[in-house]
Amino acid sequence: MRRRGIDLRLWVPLGVLVLTIVACFVGPMLLGPEAGQQALGERLAPPAWLPGAIDGRPLGTDAFGRDMLTRTLEGGQVSLQVGFGAATGAVLVGMVLGLVAGYWGGWCDRVIMAGADIWLAFPFLVIALAAVAVVGSDIPVLIVLLTLGGWVLPTRVTRTIALRVRSEDYVVAAAGAGASDLYLVRRHVLPQVLPANLVVWSFTVGALVVIEGALSFLGLGVKPPTASWGNIIADGTPYLQTAWWIVAWPALMIVVTVICANALGNALRGRWNAGADVIDKEVVP
Amino acid sequence: MSPVIALEGLAKGYDIAGGARLTAVDDVSLTIAAGETYALVGESGCGKSTLARMAAMLTAPDAGQVSWSGQTVSQQRRSAVRAVRDHTQFVFQDPAAALSPRLTVEEAVSEPLRIRRRTGSRSVADLLDDVGLDRSMGRRYPRELSGGQRQRVVIARALALEPKLLVLDEPVASLDVSVQAQVLNLLADLQAEHGLAYLLIAHDLAVVSSVADRIGVMYLGQIVEEGPAGDVVTTPRHPYTQMLIASVPAFVPGERGERPRVVGDPASPTERRTGCAFATRCAFATQVCLDVAPPRRELGDVAVRCHHAS
């Protein structure tokens with residue numbers, strides 16, 4: 001049964017995510033370059049509603065006197081680019097590997113699935129640390145790195161669905177009419193794999209935004225003064241007792257982004273039944 | 001003229017859990033002439049579905065040959081088989097599973113034509129007419145149809161490539177009894193109209209005795225008796241066939257003659273055996289049955305694998 005009207009469980013998280021993205025990429029332009037500059041006379045000013053607040057700095061300032069609103073939005077640019085970019089990369093890689101493993105099976109399947117198991121056995125942060133030490137930590141590097149951190153889930157989901165669809169009678173019938181593998185994958189397997197992977201993509205965005213935050217917090221993310229939510233939090237921790245707002249705003253943004261990404265994933269899963277059981281089995285909440 | 005399909009010495013086994021090997025089909029040969037209905041009956045698990053899939057080249061045989069109208073299609077490259085697949089089409093047991101929930105009736109029926117890029121040939125409307133469905137059904141999805149309608153759609157799709165042989169895997173087993181007769185009648189009409197040959201898989205002798213020209217009785221992967229439908233049904237030679245016939249309910253109680261009752265379960269298809277596969281359940285089994293596998297013997301029009309049949 002399809003419900004009439006607007007599905008709030010879908011549109012609220014989607015709306016908040018879109019709003020966050022727009023704010024992060026457009027907001028700093030509207031605020032002007034001045035707000036992001038260091039101003040040592042304006043260090044550690046509190047948010048607007050607390051005594052000692054500075055005009056034009058609604059969310060306070062950090063230890064260098066930079067506007068926290070601007071910093072938080074700018075930090076979001078990096079975190080969201082890396083999070084969304086790497087989730088997209090992970091799902092694309094996962095769909096290709098999952099289709100190869102699930103549809104063609106045989107030794108391809110064994111190699112890919114063994115690779116996934118082995119990959120999960122490695123401590124990802126240690127690999128990330130080594131990789132960043134060798135090749136640096138630009139945004140493209142981080143996207144590739146986190147793609148590697150997220151490919152296993154979409155691979156497994158895609159493989160399971162492909163394996164199941166491949167042996168459905170209607171797919172056998174198409175093969176029996178002379179359809180090529182390419183036709184079967186494109187017309188029958190892919191349409192069932194795509195919705196499930198959009199759900200996985202949504203969950204993966206949430207997971208990777210957290211991982212990007214962790215990497216930046218450990219100093220493995222983009223280099224200061226470029227902001228990201230993780231390194232703002234790292235910079236703010238020494239001041240947690242006196243200037244909580246430095247840590248609070250980026251942390252809040254991470255929480256909101258992750259909750260919305262997961263809620264979006266849940267809503268999409270509810271909307272498309274295809275593969276929902278597979279996702280439930282593979283995603284351990 | 002070469003038969004529409006000739007199977008020679010087909011065998012298929014599967015490795016199953018625990019390292020055992022299940023012999024699904026063991027040295028089966030049969031031929032079907034143009035326009036003929038060959039019915040294959042047997043209990044669940046006797047290998048008839050595996051045989052059907054091999055006949056339609058949906059499953060590759062381990063050994064033996066499949067020839068379509070004289071052309072050997074087993075041991076061929078997949079692309080070569082693909083090019084001649086029009087010859088034999090498959091009708092599935094469960095029409096709900098055989099239709100994609102994402103395709104409308106029209107898309108499903110025309111899919112083989114699109115696959116073969118034969119859009120110019122038979123139209124979907126003609127095909128729906130053939131199977132007695134209204135053209136307006138074309139825009140519906142399978143979930144909006146009844147079981148009988150779905151099976152008609154599956155049959156229409158199988159006819160789209162104008163095959164010479166339809167392999168029907170228990171085509172009415174999942175339908176209501178009232179609909180079963182309709183679909184069987186439809187199949188008879190289509191056969192008369194298009195000169196189709198049928199390989200009809202069934203587990204119900206009552207269903208096939210009225211529509212088949214020839215009947216093959218399968219037990220544990222082998223055809224134990226084969227012959228003209230009338231002969232097999234009225235004078236069964238093999239004890240297993242006799243058992244199956246005895247299990248068909250008689251119209252008039254008391255008309256049912258004294259025949260061996262169905263006893264026991266089939267031997268496990270994973271066990272290696274010597275002698276006759278049916279010996280463990282057979283009332284007439286003697287020492288030779290346990291020691292020597294019975295060869296195929298011709299008794300008039302009927303062929304039997306039994307030491308004692310006469």
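**Values against definitions**

Mentor: Start with residues 139-157 of chain A: the span is 95% helix and 0% strand, and its end C-alpha atoms lie 27 Å apart. Keep in mind that this is a predicted model.

Trainee: What makes residues 139-157 of chain A a "transmembrane region"?

Mentor: That label comes from a record. An unreviewed UniProt entry lists residues 139-157 of chain A under that name, along with 12-31, 78-104, 111-133, 196-222 and 242-264. Such annotations may be inferred rather than shown by experiment. The helix content comes from the model. For residues 242-264 of chain A it is 87% helix and 0% strand, with the end C-alpha atoms 36 Å apart.

Trainee: Why is Gly221(A) called buried?

Mentor: Count its neighbours. Burial needs 20 or more other C-beta atoms within 10 Å. Gly221(A) has 28 C-beta neighbours inside 10 Å, so it counts as buried.

Trainee: Where is Gly221(A) found, and what does it touch?

Mentor: Gly221(A) is in the loop between helix 8 and helix 9 of chain A. Its contacts include Ser137(A), Leu142(A), Glu212(A), Gly230(A) and Asn231(A). Asn231(A) is ten residues away in sequence and 7.5 Å away in space, C-alpha to C-alpha.

Trainee: How do you know Gly221(A) touches Asn231(A)?

Mentor: The contact test uses C-beta atoms, with a limit of 7 Å. Gly221(A) and Asn231(A) are listed as touching.

Trainee: Why is helix 9 of chain A called largely enclosed?

Mentor: Seven of its eight residues, in the run 229-236, are buried, so the rest of the structure largely encloses helix 9 of chain A. The buried ones are Trp229(A), Gly230(A), Asn231(A), Ile232(A), Ile233(A), Asp235(A) and Gly236(A). They pack against helix 2, helix 8 and helix 10 of chain A.

Trainee: Now chain B. What makes strand 6 and strand 11 of chain B edge strands?

Mentor: Look at the order of the open sheet: 6-7-8-3-9-10-12-11, eight strands with mixed pairing. Strand 6 (88-91) and strand 11 (297-299) of chain B each have a single partner strand, so one side of each lacks a neighbour in the sheet. Neighbouring strands are turned by 20 degrees against each other on average, direction ignored.

Trainee: How do you know strand 7 and strand 8 of chain B pair?

Mentor: Pairing takes at least two bridges. Strand 7 (165-169) and strand 8 (197-202) of chain B have five, in the parallel sense. One bridge joins Asp169(B) to Ile201(B).

Trainee: Which helices lie across those strands?

Mentor: Helix 1 (48-55) of chain B lies across strands 3, 6, 7, 8 and 9, at about 155 degrees to strand 8 of chain B. Helix 10 (239-246) of chain B lies across strands 3, 9 and 10, at about 105 degrees to strand 9 of chain B.

Trainee: Which residues have the most contacts inside the largest nonpolar core?

Mentor: That core has 159 residues, and Val41(B), Ala55(B), Val167(B), Leu199(B), Leu200(B) and Val217(B) have the most contacts inside it. Helix 2 of chain A gives the most to this core, 16 residues. Among the residues that Leu199(B) touches are Ala52(B), Ala55(B) and Val167(B).

Trainee: How many residues of each chain are in contact across the interface?

Mentor: 13 residues of chain A are in contact with 19 of chain B. Helix 7 of chain A gives the most to chain A's side, with six residues. By class, that side has eight nonpolar, three polar and two charged residues.

Methods:
Residues are numbered from 1 along each chain as its sequence is written. Chains are lettered from A and ligands numbered from 1 in the order in which they are written. This is a predicted model: local features need pLDDT of at least 70, side-chain atom pairs count only at pLDDT 80 or more; totals for chains, interfaces and linings use all residues. Two residues are in contact if their C-beta atoms, placed from the backbone, lie within 7 Å. Helices (H or I, at least four residues) and strands (E, at least two) are DSSP runs, numbered from the N terminus. Ala, Val, Leu, Ile, Met, Phe, Trp, Tyr, Cys and Pro count as nonpolar, Asp, Glu, Lys and Arg as charged, and the others, Gly among them, as polar. Axes are lines fitted to C-alpha atoms, for helices over the stretch in contact, and angles run from 0 to 180 degrees between N-to-C directions. A residue is buried if 20 or more other C-beta atoms lie within 10 Å of its own, exposed if 12 or fewer, and partly exposed in between; C-beta atoms are placed from the backbone. A nonpolar core is a set of buried Ala, Val, Leu, Ile, Met, Phe, Trp, Tyr and Cys residues joined through C-beta atoms within 7 Å. Lists of a residue's contacts leave out its neighbours within four places in sequence.
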